[in-house]
Amino acid sequence: MTNAAHPVDRGLPAGRLLLLGLQHMAIMYTGCIAVPLVIGSALHLDNASIALLVNADLFVAGLATLVQSVGIGRLFGVRLPVVAGATFTVVNPMILIAAQYGITAVYGAMIASGVFGLLIARPFAALIRFFPPLVSGTLLLVIGISLLGPGTAMIGGHDTGDPSYGDPANLGLAFGVIALVVLFTRVLRGFLGQIGPLVALIAGVLIAIPLGRTHFSGVGDASWFGLASPFHFGAPTFPVAAVVSMCVVMLVSFTETTADLIAVGEITGRPVTPADLSRGLATDGLSAIFGGFMNSFPDTAFAQNVGLVQMTGVRSRWVVATTGGMLVVMGLVPKIGAFIAAIPEPVVGGVAVVMFAMVGVVGVQTLKKVDFSGNHNAFVVSVALGVGLLPAFGLDRFGNSVFFQHFPAWLRTICGSPITVAAVLAFVLNLLFNHLGRKREEDLLP
């Protein structure tokens, strides 16, 4: 690496790579393992099987992160600082498929959806010209706002009906971490300023120990090495309905990944081309195939890490490659994962809500490039933002979206995601008002 290299490609000293990579890993870890924990619990799997899902999830996420950041030829990897992790979009469809067809159908449908993703990655990427700042900025704003729901759950609790919900100790811990993030960002300079969120997180853990909020007992019980063999639950099956459902999930994942990759390109000063986007989306498809083999889950770009890139200004993709390596090791060494899992959720949540909001801020900055005078662009944003966020606010006591609960299951897969609803609306309304409508007006000119 030379000093003339683009900041995205520039290497950093090993010590900085490790600390900055650890910071990315700490921000995404809880969100990443939440998917296997939720699905494992819903399927009534035993603790050993759930632990297996967590290890496989971390291992595949690490490989996907490495591929996204380093790249494989002209086929895979956007080659930007992108952290991949299990997408929440798969939770409800996977639970429904398992209930009707069994867990082997879940992984069969996942493999099929990954093949589907590989086939459509390039055609989908060709649509990037229809994702101008008006569309991508709206999507990023919706992503940032909708993610505050999970961030709230990490701090206050996952069941609003629980008497312990909103425990003042948890809220105080989270707000204290937020205050530390603000303090370190304001006071620290240079490299220390870049790892301010990590320093705040470590300080939060140290504060939580005397409060009895950390539980390291699981570290001793965890094994030093463990990774399940492929198809641990049996040979995959491929029911048509299950495959179609997971292919819809892949389209939803592509929409979210597209917005995140465009955002990272804007932040790092390396705009995403259709070829870049195609490689990034193909990596999502590859992760679904590999996840189906290894008892894991499809991965997508994690928005909270996009926010971290924006906040710290660290643009090197080798930092994220280091994160990928850490995740692979954690997937192979459960004891390390158990130690990280002992970090209290309110501590991670305090840092995460700032990262989530930063994604929304990137959306606002993107929308600043849009001309809102003498056109319908403000209307496009208003409809996409207002209607898109309805599923994010129509929640049950456990934080699950129930706004479209009476719709068919396949339609709930689409409409249950604020990101997808907003993406469809922003995309279609932009075409309607800025492409089709403009052509008609030009036809009327003498």
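Buried means under 20% relative accessible area, exposed over 50%, and partly exposed in between, with a 1.4 Å probe and protein chains only. The model is predicted, so local features need pLDDT of at least 70 and side-chain atom pairs count only at pLDDT 80 or more, while totals for chains, interfaces and linings use all residues. Residues are numbered from 1 along each chain as its sequence is written, and side-chain values use heavy atoms, leaving out hydrogens and water.

**Aromatic pairs**

- Rings of Phe, Tyr and Trp (its six-membered ring) pair if their centres lie within 6.5 Å; planes under 30 degrees apart count as stacked, over 60 as edge-to-face and the rest as tilted.
- This rule gives nine aromatic pairs.
- In one of them, phenylalanine 124 and phenylalanine 254 have ring centres 5.5 Å apart and planes at 75°, so the pair is edge-to-face.
- Phenylalanine 124 belongs to helix H4 (residues 103-125) and phenylalanine 254 to helix H11 (residues 240-268), so the pair ties together parts 130 residues apart in sequence.
- Helices are DSSP runs (H or I, at least four residues), numbered from the N terminus.
- Phenylalanine 124 is buried at 14% relative accessible area, and phenylalanine 254 is buried at 0%.
- Phenylalanine 403 and phenylalanine 404 also pair edge-to-face, with centres 4.9 Å apart and planes at 80°.
- Phenylalanine 403 is partly exposed at 42% relative accessibility, whereas phenylalanine 404 is buried at 17%.
- Phe130, Phe131 and Phe427 are linked into a cluster by ring pairs.

**Position of phenylalanine 216**

- Phenylalanine 216 sits in the loop between helix H9 (196-208) and helix H10 (217-221).
- Its relative accessible area of 32% makes phenylalanine 216 partly exposed.

Methods: Helix = DSSP H or I, 4+ residues; strand = E, 2+ residues; numbered from the N terminus.
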